[in-house]
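This report walks through a structure, one part at a time. Keep the sequence and the 3D view open as you read.

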Amino acid sequence: MPKVENFKKFTNLDNNAKRILLKALGYGTDSKGFVIWADSGKRVRCKYTKRPVHFYESSVLPGSTIVINTTPTSLSKYIEEYLE
Amino acid sequence: MAQDDPDINKILANVAVLGIEKASSRTLKYIQKVWLGSTSKVGFTPEPEEASRMKDISVNSTYQRFKLIVGKYKFTAYIKVGLLIYDLNQKGDRERVQKIRDDVYNSKDGANALKIIHIASTGVLLHVLEYLVNSKDEKNLSQFAVRREFEEILNQWTRISVSVGNQSSHEDIITKIKFIIKRQEDLIIVYGCGRAAHKAQLIIAKLINNKTFYGLYLPWAKNSMINNIPYFVCFCYSVDKGTDTALAN
């Protein structure tokens with residue numbers, strides 16, 4: 001997985017691009033906007049927060065298919081797991 | 001981005017123009033392949049400034065030394081969040097601070113994580129880590145003992161800490177410290193920031209000169225500047241504990 005050395009240089013995707021990427025990686029969204037597994041329809045749970053991931057708060061870890069909630073806590077855990 | 005990488009942004013933008021429903025499975029497979037093979041830093045992080053700040057904290061030397069001692073530890077992630085909240089408080093971004101606090105409260109380590117956030121909001125969290133790193137070196141503490149001491153500081157913070165404010169009188173602060181001594185607490189933490197940093201330092205000097213701590217506590221003090229604000233913190237640990245940790249017994 002590529003390491004993010006500088007988050008300020010992180011390229012944000014707009015919502016349309018984000019939806020397409022999620023679809024390409026096997027995800028969709030349900031009627032309430034939560035990210036779901038396309039094959040089962042079950043809500044995806046963030047590996048760090050253990051909570052369902054809402055589309056607007058979701059991030060895909062670079063070069064992976066892992067979707068997480070984007071909160072300071074989950075980002076802090078991501079930094080710890082991959083960058084420290 | 002590596003020079004030969006297909007540009008995932010352009011690919012996604014082109015597909016977005018056509019519409020997601022028109023994307024064929026072949027196109028989606030190609031997108032997945034490019035994404036997984038990409039060496040670029042593309043993704044979506046709504047708050048890149050905050051992520052960037054926490055990345056900066058992760059290379060802070062005190063944080064790194066503490067992390068080296070405690071190893072993989074459930075609270076280190078919240079230390080970074082706490083220091084981020086301190087920065088946001090300094091900028092006066094109360095709304096964002098409350099949102100992050102709510103998020104932390106709802107996390108699986110909620111109660112203890114909030115204690116870390118509370119200490120971080122006083123501006124002395126890094127000093128606490130530095131004290132623990134120093135204790136580890138001086139007393140040759142184990143990883144387990146340092147973790148326990150950190151957790152005891154979290155749990156007992158309101159009992160053993162004295163915040164020196166601009167409005168508080170020397171007498172009031174000294175009374176509070178003497179009250180903690182009377183309770184025979186194993187650790188006393190006195191701190192002040194801004195103009196109160198100097199006041200806190202004077203109070204500790206006065207108590208040392210009066211031999212208030214003599215035979216009871218050993219002081220470990222630190223002056224520092226954080227974001228151009230002076231800080232003074234003094235940890236007074238019980239001499240009875242010898243080479244043990246002050247609290248984790």
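## A buried glutamate

Glu130(B) touches Thr62(B), Trp220(B) and Lys222(B), leaving aside residues up to four places away in sequence. Contact here means heavy atoms within 4.5 Å. Glu130(B) lies in helix α8 (residues 125–139) of chain B. Is Glu130(B) buried or exposed? Glu130(B) counts as buried, because its relative accessibility is 17%. Buried means under 20% relative accessible area, exposed over 50%, and partly exposed in between (1.4 Å probe, protein chains only).

## How to read the model

This is a predicted model, in which local features need pLDDT of at least 70 and side-chain atom pairs count only at pLDDT 80 or more, while totals for chains, interfaces and linings use all residues. Residues are numbered from 1 along each chain as its sequence is written, chains are lettered from A and ligands numbered from 1 in the order in which they are written, and side-chain values use heavy atoms, with hydrogens and water left out.

Helices (H or I, at least four residues) and strands (E, at least two) are DSSP runs, numbered from the N terminus.

## Chain A in outline

Chain A has two helices and five strands. From the N terminus on, the order is β-α-β-β-β-β-α. Of the 84 residues in chain A, 54% are buried. Now take contacts in chain A between residues at least 6 apart in sequence: 36% of them join residues at least 24 apart.

## Where helices of two chains cross

Two packed helices are described by the angle between their axes and the distance between the axes. Helix α1 (residues 15–24) of chain A packs against helix α2 (residues 25–37) of chain B at about 95°, with the axes 8 Å apart. That makes α1(A) roughly perpendicular to α2(B). Axes are lines fitted to C-alpha atoms, for helices over the stretch in contact, and angles run from 0 to 180 degrees between N-to-C directions. Under 35 degrees counts as roughly parallel, over 145 as roughly antiparallel, 65 to 115 as roughly perpendicular, and the rest as oblique.

Which residues meet in this contact? From α1(A) come Ile20(A), Leu21(A), Lys23(A) and Ala24(A). From α2(B) come Leu28(B), Ile31(B), Gln32(B) and Trp35(B). These residues divide into six nonpolar, one polar and one charged. Ala, Val, Leu, Ile, Met, Phe, Trp, Tyr, Cys and Pro count as nonpolar, Asp, Glu, Lys and Arg as charged, and the others, Gly among them, as polar.

## Helix α10 of chain B

Helix α10 (residues 170–182) of chain B has 13 residues. It reaches 18 Å from its first C-alpha to its last, close to the 18 Å expected at 1.5 Å a residue. The expected span is 1.5 Å times one less than the number of residues.

Ile173(B), Ile174(B), Ile177(B), Ile180(B) and Ile181(B) are buried in α10(B). They cover an arc of only 120° around the axis, so they sit on the same side of α10(B). The arc is that of the directions from the helix axis to the C-beta atoms. On the other side, Glu171(B), Thr175(B) and Lys182(B) are exposed. The buried residues pack against elements of chain B including α9 (143–160) and β4 (217–226). Just after α10(B), Gln184(B) takes a positive phi of about 60°.

## An exposed asparagine

Asn209(B) is in helix α11 of chain B. Asn209(B) counts as exposed, because its relative accessibility is 63%. Asn140(B) is 69 residues away along the chain, and the two C-alpha atoms are separated by 29 Å.
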